Amino acid sequence: MTQTQRIHILNPRLANQIAAGEVVERPSSVVKELIENAIDAGSHRIEVELEAGGARLIRIRDDGSGIGEDDLPLALSRHATSKIDSLEDLEGVASLGFRGEALASISSVSRLELVSNATDEPAAGWRVVVEGRDMESRVTPAPHPRGTSVAVRDLFFNTPARRKFLRTEKTEFSHVEEVFRRLALSRYDIGWTLRHNQKTLHQLRPANDAAGSERRISALLGSKFLDNALHLDIEASGLRLWGWVGLPTHSRAQADQQYFFVNGRVVRDRLVAHAIRQAYRDVLFHGRHPVFVLYLELDPMVVDVNVHPTKHEVRFRDGRLVHDFLFSSLHRALGDARPNARVSPEDDSKGEQASGEQASGAKADHSPTSSSLDSFHAQPGWQQQMALRAGQDDSARPSAGRVREFMAGYQALHPEHEERLLTPQPSVLEGRETQKHLHEGQVDAAAPRLPPLPQDDPTQAPPLGYAIAQLHGVYILAQTARGLVIVDMHAAHERITYEGMKQQIFLADSLGGDSNDAGNKGALNAQPLLVPVSLAVSAAEVETAEQSRDAFSRLGVELDVAGPETLLVRQVPSLLAQADVEPLIRDMLSDLERYGRSDRLEAHINELLSTMACHGSVRANRRLSIAEMNALLRDMERTERSGQCNHGRPTWTEMSMRELDKLFLRGQ
């Protein structure tokens, strides 16, 4: 018979070490907590110094407000903080730290020395030292400028089991450097320094303007990030989202350049990740990850940061509002990114030809544009010119008739999919003829070749220039004001066709549709099931289905409640009549419960439309006239997400005159 253990209060040292298990995982955890304290102290400069990846030494210096002599004995005590005082403060906390546990936890597993001065008198500093034992309130004088220095030596020296889990010096330092990178991106107005083993690796000056912020991003993430990123700044419903999102063509094999900040706090949130993943849904190549540095600002009272010991997660009061705002903002920004005529500093070759053909010593004044991509709509002049040449208004969109015409062609090529077509037509067109009709009405096949590019005024030329040739029946070569554009004609036409079909199907209510579609506005064509599908679900999922009835209906899904924990699926979209609807509906209900919205059904439909668009687009070895090639270029300039095909592959690339001249060593 075992003896009953008596309840007792843990001694402070053991309690601190237990808390350290949550807060102090490795040296990077210590760096994060100490830097956050320095930021909260109002510092303008923060220095981080490490030895042996942080296992031997971590020293953080700042020039913040410092800690007074009277407060210093409490600084290393648990649950001691100057940042909150009441429940109201906690509900609207704006500081990075507020728990009052970090210093106590760190000091319980290391040899810690803290020196601080809250005055402008350099000789008025004070020191406190702790070596893995209970806090002693003995404070000694120590000269120190205004601010605080914290030195953490021999991490986990008194907990060998924890020390065994530390990795190599290189690995631990890489984690510290990532923490440094995140925090340096959170505050551009602070100067930062990082040293490792007496070697300075980062020295970042404070940035108070957009150019300074971009210099910091380039220093931390590389210049390629900004060269392939869109800048956005959007406000709505009390929310503001600003920052940089990478173009889909600039993706990475791992999610190592994804930084999201909520009111200046870096977070990893499932709701945020889901919204961003949705925005990139059909523009990323499979297995790739987008890059972004984004900042969400909102009222601190509507976000709870007290949900995780390390404060990496947050909870939004209205998660659905935040999710929809993030998704719509990013989806719109990626959709509005059209081909443009931006000039980067190294490609400013209009005024200075590397070929040496310019007068000696003369250098034209061509100021490079911002490294952030400008919307192609901001370039006036060429659109109206092309509208006159092509005999077409610039605002033309793929019509419902053109989509039905394409589907008829697809039906002729794939009769086995007839039951899946949204609106099959009795007239059948050959696939190649369908593609011809997609171009007709835009440019006359007999139209003369367009005139040369206006060299003196690049704004009068379209971003993708004018076609000059076709290469091996696969690529279109086009001359632009800056050099040469190469277009994968199948990939480009695939995206154009795909976007046109999506607009007709999913945006019928906002675009109005054709007159023949008047009875079908705002909802997908649906097909009743001969035998309704019964789903055994939870009571919460039944409630979710009831609350989202309109959303399901618009997507062509009819759900009926057949019991407290039973749903009946009576109707599904015609395009998915042959799909397995049970896992699809379950996934949709799960998404609606967690995120307030679901894109599962749209994703399934888009997958089918993508396949149809792929089969219906111009194929390799199809000979196109100059007029047809130019029509395809103009369609690309009008089409959302035209930089990638439906599978995430790039549709075009550009080589500037500077790059071409380098290939042939001209001017060298």
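This is a predicted model: local features need pLDDT of at least 70, side-chain atom pairs count only at pLDDT 80 or more; totals for chains, interfaces and linings use all residues.
Which order do the strands of the open sheet of 5 strands have?

Residues are numbered from 1 along each chain as its sequence is written, and side-chain values use heavy atoms, with hydrogens and water left out.

View 1. Helices (H or I, at least four residues) and strands (E, at least two) are DSSP runs, numbered from the N terminus. Of the 668 residues, 49% count as buried. Buried means under 20% relative accessible area, exposed over 50%, and partly exposed in between (1.4 Å probe, protein chains only). Take the contacts with a separation of 6 or more: residues 24 or more positions apart account for 71% of them. A contact means heavy atoms within 4.5 Å.

**View 2. Strand β4 pairs with β3 and with β5.** Two strands pair if DSSP finds at least two bridges between them. Strand β3 (residues 111-117) meets β4 (residues 126-131) in the antiparallel sense, over 6 bridges. Here R111 stands opposite E131. Strand β5 (residues 140-141) also runs antiparallel to β4, over 2 bridges. R127 stands opposite T140 in β5.

**View 3. An open sheet of 5 strands has mixed pairing.** The order is β9-β10-β13-β11-β12. At the edges lie β9 (229-236) and β12 (265-266), each pairing on one side only. β9 and β10 (residues 239-246) pair in the antiparallel sense over 8 bridges. A236 has L239 of β10 as its bridge partner. Strands of a sheet pair through backbone hydrogen bonds, either parallel or antiparallel.

**View 4. F180 and W192 form an edge-to-face aromatic pair.** The structure holds 5 aromatic pairs. Rings of Phe, Tyr and Trp (its six-membered ring) pair if their centres lie within 6.5 Å; planes under 30 degrees apart count as stacked, over 60 as edge-to-face and the rest as tilted. For F180 and W192, the centres are 5.8 Å apart and the planes make 85°. F180 lies in helix α7 and W192 in strand β7 (residues 191-196), so the pair ties together parts that are 12 residues apart in sequence. F180 is buried, at a relative accessible area of 1%. W192 is buried too, at 0%.

**View 5. Y188, W242, W244, F261 and Y295 form one aromatic cluster.** The ring centres of W242 and W244 are 6.2 Å apart and their planes stand at 65°, so this pair is edge-to-face. Both W242 and W244 are buried.

**View 6. Helix α19 spans residues 581-595.** Its 15 residues reach 21 Å from first C-alpha to last, close to the 21 Å expected at 1.5 Å a residue. The expected span is 1.5 Å times one less than the number of residues. V581, L584, I585, M588, L589, D591, L592 and Y595 are buried. Seen down the axis of α19, these buried residues fall within an arc of 160°, so they line one face of the helix. The arc is that of the directions from the helix axis to the C-beta atoms. Just after α19, G596 takes a positive phi of about 85°.
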